[in-house]
Amino acid sequence: MEIEFMAQIKIKDETGIGKMVNELNLLINAEMLTAEELICRRIHFEVEKYNAHKGEYFNGLIQPTDSEKILNGYKMKEKKAIDPELQVKKALEAFNSNGFFIITNNRQLENLEEHILVDDNLEISFIKLVQLVGG
């Protein structure tokens, strides 16, 4: 019987000056991820969590369209589902244009193809440099 790998990783969102603004835990069932896979999984997790309840506020990496920036997230102008694929597209574009950086194990990921070794001790920081707007 094969045992499936599962790790819980901690993701922190920080400003360019090191202030933590959000933290989430993400279950990963892979021993290795690329930066692109990490971003996609994170965005899908955030959007699925929001879309399940469609609340007044969204707290995620990318600002959804039709929302306004507030202290610790985004206030939705209307309670509607967020498009995860549009959010992923905007996040990947933002990473490629240095809208945010990813630091893992004291190493900055330089491109979307870089690999990350996953284990329960893995801590990842997303450093946001500019406001990110998506779907």
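1. Asparagine 98 comes after H2 and has a positive phi, near 60 degrees. Helices here are DSSP runs of H or I with at least four residues, strands are runs of E with at least two, and both are numbered from the N terminus.

2. On the basis of the note: this is a predicted model, where local features need pLDDT of at least 70, side-chain atom pairs count only at pLDDT 80 or more, and totals for chains, interfaces and linings use all residues. Residues are numbered from 1 along each chain as its sequence is written, and side-chain values use heavy atoms, with hydrogens and water left out.

3. Helix H2 covers residues 84-96, which is 13 residues. From first C-alpha to last it reaches 18 Å, close to the 18 Å expected at 1.5 Å a residue. The expected span is 1.5 Å times one less than the number of residues. At the N-terminal end, aspartate 83 is the cap of H2. One of its side-chain oxygens lies 2.9 Å from the backbone nitrogen of glutamate 85. A polar contact is a pair of N or O atoms within 3.5 Å; within protein, one must be able to donate a hydrogen and the other to accept it, and residues adjacent in sequence count only if both atoms are side-chain atoms.

4. Which residues of H2 are buried? They are Gln87, Val88, Ala91, Leu92, Ala94 and Phe95. These residues cover an arc of only 160 degrees around the axis, which puts them on the same side of H2. The arc is taken from the directions from the helix axis to the C-beta atoms. Buried means under 20% relative accessible area, exposed over 50%, and partly exposed in between (1.4 Å probe, protein chains only). The buried residues of H2 pack against helix H1 (35-53), strand S4 (57-58) and strand S7 (100-104). Contact here means heavy atoms within 4.5 Å.

5. Strand S10 spans residues 123-128. Five of its six residues are buried, so S10 is largely enclosed by the rest of the structure. Strand S1 (residues 7-15) runs parallel to S10, and six bridges join them. Two strands pair if DSSP finds at least two bridges between them. Glutamate 14 faces isoleucine 127 of S10 as its opposite residue, and threonine 15 has lysine 128 as bridge partner. S7 pairs with S10 in the antiparallel sense, over five bridges. There, phenylalanine 100 has lysine 128 as bridge partner.

6. S1 also pairs with strand S2 (residues 20-28), antiparallel, over eight bridges. Isoleucine 9 stands opposite leucine 26 in S2. S1 and S2 make a hairpin with four residues between them. Glycine 18, in the turn, has a positive phi of about 90 degrees.

7. A three-strand open sheet has the order S4-S6-S5, with antiparallel pairing. S4 and strand S5 (67-70) are at the edges with a single partner strand each, so one side of each is left without a neighbour in the sheet. S4 pairs with strand S6 (residues 73-76) over two bridges. Tyrosine 57 is opposite lysine 75 in S6.

8. The loop between S4 and S5 holds glutamine 63. Is glutamine 63 buried or exposed? It is buried, with a relative accessible area of 4%. A polar atom of its side chain lies 2.9 Å from the backbone oxygen of serine 67.

9. The salt-bridge count is seven. A salt bridge is a side-chain nitrogen of Lys or Arg within 4 Å of a carboxyl oxygen of Asp or Glu. Asp13, Arg42 and Glu46 are linked in a network of salt bridges. In the pair of glutamate 46 and arginine 42, the closest N and O atoms are 2.5 Å apart. The two are four residues apart in helix H1, about one helical turn. Glutamate 46 is buried at 5% relative accessibility, and arginine 42 is buried at 0%.

10. Lysine 75 forms a salt bridge with glutamate 56, with closest N and O atoms 3.3 Å apart. This pair links distant parts of the chain, 19 residues apart: lysine 75 is in strand S6, glutamate 56 in the loop between H1 and S4. Lysine 75 is partly exposed at 29%, as is glutamate 56 at 33%.

11. Glutamate 114 and arginine 107 form another salt bridge, the closest N and O atoms being 2.5 Å apart. Glutamate 114 is buried at 16% relative accessibility, whereas arginine 107 is partly exposed at 36%.
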